[in-house]
Amino acid sequence: MTLPYLKKVGEGIFVDSEVRKANELLQPWDEEQVVTYGLIGLPLSKTSISHSGAHLSPTTIRKMFSSYSTYSIEEEADINKRVVDFGDIQMHVTSDEQSRIRIYETVKALLHHHQQMVPILLGGDHGVSFPSIQAFQEERGKVGIVQFDAHHDLRNTKDGGRSNGTPFRSLLEEGIINGNQLVQIGLRDFSNSASYHQYAKEQGIHLYTMKDVKTKGILPILEQSIAILKQSCDVLYISVDMDVLDMAFAPGCPAIGPGGMDSTTLLEAIYYLGREEMVKGVDIVEIDPTVDFRDMTSKMAVHVILQFLLGRNNRLA
Ligand code: CA
């Protein structure tokens with residue numbers, strides 16, 4: 001039967017044979033193929049300190065791919081990467097600890113099985129980064145982390161257990177990383193406390209506030225950060241907490257606030273890091289689609305992924 005005008009589910013609102021849509025970059029996992037880039041959803045938001053529907057964001061981010069093309073007008077090139085979509089890791093219904101174990105075990109197994117794979121992990125809240133980075137380091141070598149975030153995420157665990165405010169504290173306290181392996185970029189006023197700032201300095205974490213981003217520029221900061229991390233680390237990992245962005249650019253974050261990064265600066269940073277051969281993993285966290293406006297924040301996540309892949313197109317030798 002020939003039905004040329006029937007639009008199939010998932011084909012988008014307008015079909016044009018000359019436009020390659022970004023959702024075509026995603027391929028379902030067939031358990032056979034060699035995976036270079038793997039998308040894995042980590043829909044955990046029960047560990048959020050404030051109310052969060054971030055467990056819904058992997059699904060929303062996937063949907064938003066169809067809003068964009070694969071073509072970079074700046075590079076005059078299409079993204080030539082394929083991303084295998086593994087789907088989501090199913091979270092435990094009630095136990096945060098069990099959910100973290102599931103993330104750790106699944107991410108570790110997938111990285112182990114796919115030795116060449118660069119994972120693109122979609123949270124969830126920032127609590128997912130603790131088990132993910134632990135698994136990543138065990139499979140890929142000593143990790144240097146570039147964290148984009150308004151917050152340190154170094155809260156103690158004695159007052160409330162592990163949450164989206166503690167992932168980097170947990171990595172430090174468990175001896176998985178030391179402070180020298182962590183760069184935090186985009187920290188801002190009235191979003192952190194004096195004691196945690198002090199703790200960050202004592203741990204030797206490399207800190208760049210929003211004022212640093214404004215005065216030094218994002219690319220010199222990244223150049224410096226990579227040079228520092230390369231001295232002691234085997235691989236690099238990017239953790240993008242979307243609340244590093246000003247609330248004007250990321251209304252879907254639970255912890256929105258003014259004085260943050262603009263979206264162009266973050267995308268420029270991600271492209272720069274995508275070109276860096278040592279970067280072998282990315283996570284994107286803290287998007288709550290239920291409070292977002294026109295899916296702005298999930299669309300930003302898609303652009304983070306696209307700029308990262310575009311950077312891979314033009315990787316430095
Ligand atoms: Ca965070």
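Trainee: How many salt bridges does the structure hold?
Mentor: The structure holds twelve salt bridges. A salt bridge is a side-chain nitrogen of Lys or Arg within 4 Å of a carboxyl oxygen of Asp or Glu. This is a predicted model, in which local features need pLDDT of at least 70 and side-chain atom pairs count only at pLDDT 80 or more, while totals for chains, interfaces and linings use all residues. Side-chain values use heavy atoms, with hydrogens and water left out, and residues are numbered from 1 along each chain as its sequence is written.

Trainee: What makes Asp85 and Arg62 a salt bridge?
Mentor: Their closest N and O atoms are 2.6 Å apart, and the definition asks for a nitrogen within 4 Å of a carboxyl oxygen, so the pair qualifies. Asp85 lies in strand E5 and Arg62 in helix H1 (residues 57-64), so the pair ties together parts that are 23 residues apart in sequence. Helices (H or I, at least four residues) and strands (E, at least two) are DSSP runs, numbered from the N terminus. Both Asp85 and Arg62 are buried.

Trainee: What makes strand E2 largely enclosed by the rest of the structure?
Mentor: Six of the six residues of E2 (residues 37-42) are buried, so the strand is largely enclosed. Tyr37, Leu39 and Gly41 point one way, and Gly38, Ile40 and Leu42 the other way. In a regular strand the side chains alternate between the two faces of the sheet.

Trainee: How do you know that E2 pairs with E5 and with E6?
Mentor: Two strands pair if DSSP finds at least two bridges between them. Four bridges join E2 to E5 (residues 83-88), which run parallel, and six bridges link E2 and E6 (residues 118-123), also in the parallel sense. Gly38 has Val84 as its bridge partner in E5 and stands opposite Pro119 in E6.

Trainee: Why is the site of the calcium ion called irregular?
Mentor: Donors are N, O and S atoms within 2.8 Å of the metal (3.2 Å for Na, K and Ca); water is not among the atoms, so sites may look incomplete. Here the ion is coordinated by His126 (ND1), Asp149 (OD), Asp149 (OD), Asp153 (OD), Asp153 (OD) and Asp241 (OD), at 2.2 to 3.1 Å. Four donors count as tetrahedral if all angles lie between 85 and 135 degrees; four count as square planar and six as octahedral if opposite donors are over 155 degrees apart and all others between 65 and 115; anything else is irregular. The angles among the six donor atoms span 45 to 159°, so the site is irregular.

Notes. Buried means under 20% relative accessible area, exposed over 50%, partly exposed in between (1.4 Å probe, protein chains only).
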